[in-house]
Amino acid sequence: MNLETQSMKAHVSSILLGVQDLGRSKQFYTEGLGWKIKDDYGVSVFFESDGGSLVGFYGREGLADLAGTSPAGSGFSGLVLTYVVRSEARVDEIIAEAEKAGATILKPAAALQWGGYGGSFADPDGYIWSLGYSAQATDQPYAE
């Protein structure tokens, strides 16, 4: 029997930037920088990744709520690093690993408002990691 446990990989599934004005940000990146929109869900926008990490915008207040923190002040920088996995059980495992390592659990793993499953934690420097799983799509930017 193999007692070796799997560790969280050094990988970012996607980068979500919490923005004050989604329309202004879309205009800046599409018209100003030439980025191509991959998916526009109204509350969030994701750009073509060109082989790198998926980058997207989410309304600042909505993204802070998903991460379990305040959108204002020093509690939320407007940046959440996401880590997408292939099962709810793996989300639970990573949240537990992070807590054991000294992370602050911001939002315990649970069903999410959009139908997935996830939770979030802050590392010792306050950087926020959002872990997620969704059975709704097969083209997720899986980290593992």
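Contact here means heavy atoms within 4.5 Å. Keep that in mind as you work through this predicted model.

**Exercise 1.** Find the residues that Leu131 is in contact with, leaving aside its neighbours within four places in sequence.

**Exercise 2.** Work out which elements build the largest nonpolar core.

*Solution.* First, the core itself: it has 14 residues, and those with the most contacts inside it include Leu131, Tyr83 and Phe121. Now the elements: S5, helix H3 (88–100), S7 and S8 each give two or more residues. H3 has the largest share, with four residues. Then look elsewhere, and you'll find another core of eleven residues lying apart, among them Leu16, Phe46, Tyr58 and Ile128.

**Exercise 3.** Decide whether Glu144 is buried or exposed, then look for its polar partner.

*Solution.* Locate Glu144 in the segment after S8. Its relative accessible area is 16%, and buried means under 20%, so Glu144 counts as buried. Now check its side chain: a polar contact of 2.6 Å joins it to the side chain of Tyr83. Beyond four places in sequence, Glu144 also touches Arg86, Arg90 and Ile94, among others.

**Exercise 4.** Describe the largest pocket and its lining.

*Solution.* Begin with the volume, about 920 Å³. Of the 41 lining residues, Leu16, Phe46, Val84, Trp114 and Gln140 are the closest to the centre. Sort the lining by class and you get 20 nonpolar, 17 polar and four charged residues. Finally, the elements supplying at least two lining residues each include strand S1 (14–19) and helix H2 (60–67).

Methods. Residues are numbered from 1 along each chain as its sequence is written. This is a predicted model: local features need pLDDT of at least 70, side-chain atom pairs count only at pLDDT 80 or more; totals for chains, interfaces and linings use all residues. Side-chain values use heavy atoms; hydrogens and water are left out. On a 1 Å grid over the protein atoms alone, a cavity is a set of points where a 1.4 Å probe fits but cannot get out, and a pocket is an open set with protein on both sides within 12 Å along at least five of seven lines; lining residues have an atom within 4 Å of a point. Grid points are joined across faces, edges and corners, and a volume is the space filled by probe spheres set on the points. Ala, Val, Leu, Ile, Met, Phe, Trp, Tyr, Cys and Pro count as nonpolar, Asp, Glu, Lys and Arg as charged, and the others, Gly among them, as polar. Buried means under 20% relative accessible area, exposed over 50%, partly exposed in between (1.4 Å probe, protein chains only). A polar contact is a pair of N or O atoms within 3.5 Å; within protein, one must be able to donate a hydrogen and the other to accept it, and residues adjacent in sequence count only if both atoms are side-chain atoms. A nonpolar core is a set of buried Ala, Val, Leu, Ile, Met, Phe, Trp, Tyr and Cys residues joined through side-chain atoms within 4.5 Å.
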